[in-house]
Structure formats: structure tokens, C-alpha cells
Amino acid sequence: MKAVLLGTTAGGGFPQWNCACALCVRARSGELPSRSQDCLAISGNGTDWWLVNASPDIRTQVAACSPLNPGPGPRDTPIRGALFTDAELDHTLGLLTLRGGAGLTVWAPGPVLHALRDQFDLRTVIDGYAPVAWRQVEAYQPLDLGGLLVSAIPISGKRPKYARSSTVDGHWVVAYRFEDPISGGVLVYAPCLASWPAGFDDVVAEADCLLLDGTFYAASEMGSATGSSSGQAAMGHLPITHSLPELRRFPSVRRIYTHLNNTNPVLDPESPEAAKLREAGVEVPPDGTVIEL
């Protein structure tokens, strides 16, 4: 199994286009490296690749990742489709860029498919260009995707702003567990974690590598960084100050924070906050990092 971190930041990327916080200013000057919006590419056989979420930055992300290069035919692509963890715009809008791809399949929980069809109408738009196979992923029921066993793990009921009026209940946010049946390697991808859910200890303990929601370092971070009321608490992301004590209990697992907000001080590797993560053995790798299990 091979995975590539195509992007590692939250919606808006780093620097964020409309933000002049101290970190974004340093990124624009080149003092800190820029990062694109969170997205993962994963393959069990090196030939068939799946995107986990499809960020608005997907064109440049795919172009920068050689295993995703098109070929051998003039319109062939190794990208077979995408798995959505949720219905957030920054995790699904990249599908519009892929609208010319033939034979793509999208897997997502039922409420997410409903939101993209009935609340946002993304499905209708995409299908007008090239038909996409839309498939509902069921919780804890493994799929075999090109040599990978994939299971969806419900972790939150948070729905996106545009779907707040939806009457559909169920699993709006999932993590994905990927297992290579040949090597036995297990990777868990959970970029949106509102809390540490019941049973998540078992999921982490079975993993060789965990990619976890690191959106915010602290609970009041956005307001402090931008000088305005942020509404951060309603955004559904467990701060690192709450999740890091949990991660310390799993020293044998490779632990990586992803989906970092542009206000997160760990984006600066010289910050005290980044030093705390290194002391705990937890990583904040750059875009383009490759993981092999």
C-alpha cells in the first residue's frame, strides 16, 4: 500500500487568500512553506489510485504527483475515483475539475450522497459532463478497491453549512481504514474529528499509521490569530491540545496530523507547539509525503 499526502491544510490552504494573520504573512514571504488543501491519494497495487476527498487544489496536486500522471493512452488516468469522508465543499469541489474523467466512481456515506445531490446538486452537474458511478459506503463493511480493503468508520454527525436544513440523519462524517491484505499494513485517515468517539481507541491501536485531524492547535485559536470572533467551536474539529494526550497512548503507531488550519502554530516548525509534537513523536509532514505500508 502506498499513500501520498497531496495536501495537508484545511479549507483555504496556507497561506489563505483572504488572511493576513502572522503565519500567512510569513508564508507569502517564503519564510514558511505553502501548503495546499487536504487530500490523500492511495493505492494497493501501484496501478489503481483512489483520492480520499477531492480538494479545490486537485489539479495542481495531481500534476505534482508522478504516480497520478495520465497514460499510457492519451486520455487514460490511474485515478479510479474518490472516497469522501464528508460533504464539506473543500473536500468535494475538486470533483468538478475531474469532470472529464471517464469511469470514475465516488464512494460516500448516504447522507453525503444526499447532500451532494439534493442540497448542492453536484451530482447533476458532474453527470452532465461524464457519468460518474455514485456508490454508498456502509459503516464497517469492507470494500475491495484494487487490492485495498477499505472500511468506513462513523465518527461525527456534523453536516456542512449548506445542508443544515437537511432532514437526513445518519453518518455525515466518517474515517477510512485501509488495509493491504498482502502486507497486512493498516492506514487510518480521519481528517475531521469532532471528538474522540467511543471505540476509536481500537481503531487507532490496530493501525500502523494514523492521519488525524490537526485543524486547530487550541480551542480559541482562530479568534486569537485573526482578532475576531471565529465561530471555531462549531466547526467540528477536536483541537490538538485535546487529541495529543490521546495519541500519546499509542507510541507504536505512526501518528501524523493533517488538515491544518492556516492559524495553526505547528505550521512553523520552530514554534513551541511544533516542538511539543516532536517530543511526543507525532509528525506534521509537508505536502507530497509518501507513506508505504
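Reader: Why is helix H5 (residues 110–119) largely enclosed by the rest of the structure?

Author: Buried means under 20% relative accessible area, exposed over 50%, partly exposed in between (1.4 Å probe, protein chains only). In helix H5, 7 of the 10 residues are buried, so the helix is largely enclosed. Those buried residues are Gly110, Pro111, Val112, Leu113, His114, Ala115 and Leu116. A word on the source: this is a predicted model, where local features need pLDDT of at least 70, side-chain atom pairs count only at pLDDT 80 or more, and totals for chains, interfaces and linings use all residues. Residues are numbered from 1 along each chain as its sequence is written, and side-chain values use heavy atoms, with hydrogens and water left out.

Reader: What covers the buried residues of H5?

Author: Helices (H or I, at least four residues) and strands (E, at least two) are DSSP runs, numbered from the N terminus. Contact means heavy atoms within 4.5 Å. The cover for H5 includes helix H3 (89–92), strand E5 (105–108), helix H6 (122–127) and strand E6 (133–136). After H5 comes Asp121, with a positive phi near 65°.

Reader: How many helices and strands does the chain have?

Author: You'll find 10 helices and 14 strands. Across the chain's 293 residues, 54% count as buried.

Reader: How does the radius of gyration of the chain fit a compact globule?

Author: That radius is taken over C-alpha atoms, and the globule rule is 2.2 Å times the number of residues to the power 0.38. For 293 residues a compact globule would come out near 19 Å, and the chain has 18 Å, which agrees. The C-alpha trace spans about 50 × 40 × 40 Å along its principal axes.
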